[in-house]
Amino acid sequence: MSKNVLVLLDVDPGGKLAKSCAGLLGGAAKLGEPVALIVGHAEHTDALAAAAAELGATRVLLAEGDPTAFVTPVVDALVAAAGVTNPIAVLGAQSDQGKEALARFAMRTGAGVAIDAVDVSADAEGVVAHHSTYGGAYTVTSSVTFGVPVITVRQGALEARGEKQPLVVEKLLVEPSKRKSAVIEGVEISDAPKTSRPELRGAAKVISGGRGLGSAEKFGLVEQLADALGAAVGASRAAVDAGFVPQSFQVGQTGVQVAPQLYIALGISGAIQHKAGMQTSKTIVAINTDDTAPIFDIADYGVVGDVFTVVPQLIAALKDSAV
C-alpha cells in the first residue's frame, strides 16, 4: 500500500520555496513519505529541488507550467502527480494558490477537502486534520470518508520538521487539460517597506501591539522588541484603526491569521476578533495593565504591568544575554 503524501510547494516571487514548505513537509513526514511537487520556475528548479530535499522530501516531482495561466497548470500537475504517486493524502498551504489549486484538484478527482488545518495526524482509519474553529474557541478534527484527503494547512501552524533526504528528482509529464484559465498579463511587486524582519504570515515569532501603546510614535516599542527577538510585527484592529500602523499589520479574523511558536501581545485587550487570528500560537505572552483583559484568558504567561516599564527591561535583558 502506498505511503506517499503528495505536497504542493509554493514558490515566492524571488524564486525560493515559501516559508510554509518546511511545515508542510514536516507534517507530511508524520503521515508517510513526503513527495514534493513544484510547478514551473524552470530557471530555479535545481535549487528548489535541493531545498525541498533538505526540508524532508523523499522525492521531488518537477512539472513545467505556463506562467501566464493562473492555477490551471498547477491543477493539471497535481492530477498527474497523484496518478504516479497514488498518495494517501495531498497537502498544500492555506495560501492563495494553495487553496485554489487544491480545491480544483478535489473537484476534478472527487476527493474530500479539509481546509485551514492547524495540524495533521494519522490513526488506524487514515489521515486526520485538526482545525481551530469559532474564533479559536474549539479544536475539532475531520477526516475524509471518500477519495484522497486533500488538506490545506494554515501557514506557520505546523512546527514539525522533516529530516534531510537524499536528492531524488523526477520530471513529471503533464497532459494539459486545456481548460479555461484566467490569464496573467503581468506581475508587479509592490514597493513594500524594506525591513529585515520576517513576514507576518508564517513567522515563528510575532510581537503585536494594541491601542494601549497610545500613539504611532510609542508603537515603536513593539518594533524594538521585535528586532531584539528577530520577530515579525503585528497589531490589533484597534491599533490599526487608530492609525498607529497600516492595515497589513492587523492580526485577527479580518486580518492576518498567524500561528507562531511565540506570540507576545503588548497593550492588547484581547477582543474575540483578535483572538481568532492568533489563538493557535504555541506560546502566548500578554502584557497589560488591566488584569481582567480577555487576553489573559488564553495567555500561557501574563504580566500585569505598564508595557513602557516592562518591555524596556525585557529588551535590556535580551541584549545582556546576547553579549
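**Figure 1. Domain 1 and domain 2 have centres 31 Å apart, taken over C-alpha atoms.** The model shown is predicted. Domain 1 covers residues 4-171, and domain 2 covers residues 205-322. The two domains meet: 11 residues of domain 1 are in contact with 8 residues of domain 2. Between them, domain 1 and domain 2 bury about 750 Å². Carbon and sulfur atoms carry 42% of that area. The size of an interface is often given in this way, as the accessible area lost when the parts come together.

**Figure 2. Helix 2 has a buried face.** Helix 2 spans residues 45-54, and its buried residues are T45, L48, A49, A52 and A53. Seen down the axis of helix 2, these residues fall within an arc of 135°, so they line one face. An α-helix has 3.6 residues a turn, so residues three or four places apart point the same way. What lies over the buried residues? The cover includes helix 1 (20-31), strand 2 (33-39), strand 3 (59-63) and strand 10 (169-171). D46 and A47, on the other side of helix 2, are exposed. Just after helix 2 comes G56, with a positive phi of about 120°.

**Figure 3. V7 is buried in strand 1.** Strand 1 runs over residues 4-8 and holds V7. How much relative accessible area does V7 have? The value is 0%, so V7 counts as buried. Residues up to four places away in sequence aside, V7 touches L24, L25, A28, V35, A36, L37 and L91. V90 is 83 residues from V7 in sequence. In space, V7 and V90 are 5.8 Å apart, C-alpha to C-alpha.

**Figure 4. D116 and K178 each have a positive phi without being glycine.** Most residues other than glycine have a negative phi. D116 takes a phi of about 55°, and K178 takes one of about 60°. Where does each residue lie? D116 is in strand 5 (residues 112-117). K178 is in the loop between strand 10 and strand 11 (205-209). Is each residue buried or exposed? D116 has 16% relative accessibility, so it counts as buried. K178 has 80% relative accessibility, so it counts as exposed.

**Figure 5. Strand 11 and strand 12 pair in the parallel sense.** Their pairing extends over 4 bridges. G209 stands opposite A235 of strand 12. How does the chain get from strand 11 to strand 12? The path goes through helix 5 (residues 220-229), and this β-α-β crossover is right-handed. Strand 12 covers residues 232-235. A232 and G234 point one way from strand 12, while V233 and A235 point the other way. All four residues are buried.

**Figure 6. S132 is a buried residue of strand 7.** Strand 7 spans residues 126-133, and S132 lies within it. S132 has 17% relative accessibility. Buried means under 20%, so S132 qualifies. Which residues does S132 contact, leaving aside its neighbours within four places in sequence? They are V118, Y138, R154 and T280.

Definitions and conventions:
Residues are numbered from 1 along each chain as its sequence is written. This is a predicted model: local features need pLDDT of at least 70, side-chain atom pairs count only at pLDDT 80 or more; totals for chains, interfaces and linings use all residues. Side-chain values use heavy atoms; hydrogens and water are left out. Buried means under 20% relative accessible area, exposed over 50%, partly exposed in between (1.4 Å probe, protein chains only). Helices (H or I, at least four residues) and strands (E, at least two) are DSSP runs, numbered from the N terminus. The arc is that of the directions from the helix axis to the C-beta atoms. Contact means heavy atoms within 4.5 Å. Two strands pair if DSSP finds at least two bridges between them. A crossover is right-handed if, with the strands pointing away from the viewer, the path from the first strand over the helix to the second runs clockwise. Domain bounds come from an automatic or database domain assignment. Buried area is the accessible area (1.4 Å probe) that two parts lose on being put together, summed over both.
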